[in-house]
Amino acid sequence: DAVSGTARAGPIGTDGSVVTGRLPPERIQQVVRASFGTFRKCYERALAKNPGATGKTSTRFVIGRDGKVAEASTTLSGDLPKETGACVEAAFRGLTFEEPAGGVVTVVYPIAFSPE
């Protein structure tokens, strides 16, 4: 099963909010990639229902001053079921990062899922 993703953090959140903190994207990616097994389980549930399911999740999450995920929301593309998005979102909510410098950080993290 292929699971891949990249981190994108910027000075302006996707909702237009100003991000005051800083956390290197490679550090964010390191934490998320360490949890790819959890995301894979979300996808395996989708494959159990539809063996050819493919698609992408895009999760927008906020890393609070304490390094914990304060909020997360996930959108889906492809033929992934709603449950996959909810599972991925819950997994992001459980992640802990190092404390950002200077405030909160908003991140958009896409993950692509395919059965190959």
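Both Phe61 and Phe97 are buried, where buried means under 20% relative accessible area with a 1.4 Å probe and protein chains only, over 50% is exposed and in between is partly exposed. Keep in mind that this is a predicted model, with local features needing pLDDT of at least 70, side-chain atom pairs counting only at pLDDT 80 or more, and totals for chains, interfaces and linings using all residues. Residues are numbered from 1 along each chain as its sequence is written, and side-chain values use heavy atoms, leaving out hydrogens and water.

**Exercise 1.** Work out how the rings of Phe61 and Phe92 are arranged.

*Solution.* Start with the total: the structure holds six aromatic pairs, meaning Phe, Tyr or Trp rings (six-membered ring for Trp) with centres within 6.5 Å, called stacked under 30 degrees between planes, edge-to-face over 60 and tilted for the rest. Next, Phe61 and Phe92 have ring centres 4.9 Å apart and planes at 35°, so this pair is tilted. Then place them: Phe61 sits in strand 3 and Phe92 in helix 3 (residues 82-93), so the pair ties together parts 31 residues apart in sequence. Helices (H or I, at least four residues) and strands (E, at least two) are DSSP runs numbered from the N terminus. Finally, Phe92 is buried at 0% relative accessibility.

**Exercise 2.** Find what Thr57 touches.

*Solution.* First locate Thr57: strand 3, residues 55-63. Its relative accessible area is 0%, so Thr57 is buried. Now list contacts (heavy atoms within 4.5 Å). Leaving aside residues up to four places away in sequence, the partners of Thr57 include Thr74, Leu80, Val88, Tyr109 and Phe113.
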